Amino acid sequence: MANPEQSGRAPDAPPASCAPWRVGVVEYRQATGLPPYERHRAGKARPLASRDGLRIHGAVGRVTCVDGAGHTLWTHRCTGMPNAAHVSGDRVLVTTDSLDYTPWGHLGPALLLDLADGTRIAELRGKRGAAVGGGRFLLGLEGYEAFDTWQYDRDASLVDSWRSYGHYVIGTGIRVVETDRSLPTGSRVVRLLPGGVIERGPRLTGPSAARPVVLEDGTILVLDAGVLRAVDRRLGATVLAELLPAPADEDARRTVSLRREGAGVTAVIAEPRPGRRDRYTVHTWTIALHPPRTPHRPSNG
């Protein structure tokens, strides 16, 4: 099964904490180079998704399912480049990039496939997905007046929809770190409830927050512009660290990323250098995480 932090899935909740997480910056580095997503593109290919010994891989024009012994179980031909996959029940949802520029940029079709043999169940439209169990999925799209999330069942029938879009965190409920890519931004951390209802949580500063990191108690860490925030299951927010002031004029090419590294996290902010479209000032912080303190309970003795 995929790591909860990698899949955006919150682990089962332990008893609620009564104090927030704390952080400490262990190291700060500054360099000139490529932003994080460009370095990742040049790295070794990894499975798009995995479960119970099965691995879903993507390459230009095809999606493949491989077993634990490395045998290819099936191949599904497609018109673009698969970029993510999500497994739920006996289905897999694969989002793709188009090889040609379209009115939606390089957005390709989202493919709902049978996990057993790769048969196409449906072709949908969406940029970002998540598995919610029982063969159901979330699929979201932003741009050209769209800012929406739809929930589909295993047969691609529409189950629910919300006017929200962003990074999905699936646990005891569905939370979204919204990314509207607009200035001023209206993005928040929200919870999606049945019937299209949205419970709105804390406002965000930047229009494109990094993919969040999910901690053991269900708290999510959000790198929002230059601020590291913690948002708990109740949508209560705490500022953990102010790493870098946001520039007066936001540049759409400014990128942020956040990833779990052992007992801490690594935060990266890449700012484009003036006059150089291919060079960035890359700020990197290694940050230690300190769990919430458990209150001392006096003994009865």
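Four strands come together as an open sheet in the order β14-β15-β16-β17, with antiparallel pairing. Strands here are DSSP runs of E, at least two residues long, numbered from the N terminus, and two of them pair if DSSP finds at least two bridges between them. This is a predicted model, in which local features need pLDDT of at least 70, side-chain atom pairs count only at pLDDT 80 or more, and totals for chains, interfaces and linings use all residues. Residues are numbered from 1 along each chain as its sequence is written, and side-chain values use heavy atoms, leaving out hydrogens and water.

**A word of background**
- Strands of a sheet pair through backbone hydrogen bonds, either parallel or antiparallel.

- At its edges you will find β14 (166-170) and β17 (197-203), each pairing on one side only.
- On average, neighbouring strands of this sheet are turned by 25° against each other, direction ignored; axes are lines fitted to C-alpha atoms, and angles run from 0 to 180 degrees between N-to-C directions.
- Five bridges link β14 to strand β15 (residues 174-178) in the antiparallel sense.

- Another open sheet has four strands in the order β6-β7-β8-β9, and its pairing is antiparallel.
- Its edge strands, β6 (81-88) and β9 (120-124), each pair on one side only.
- From one strand to the next, the twist averages 20°.
- Strand β8 (residues 105-114) pairs with β9 in the antiparallel sense, over four bridges.
- A bridge to look up here is that of L112, which has A122 in β9 as its partner.
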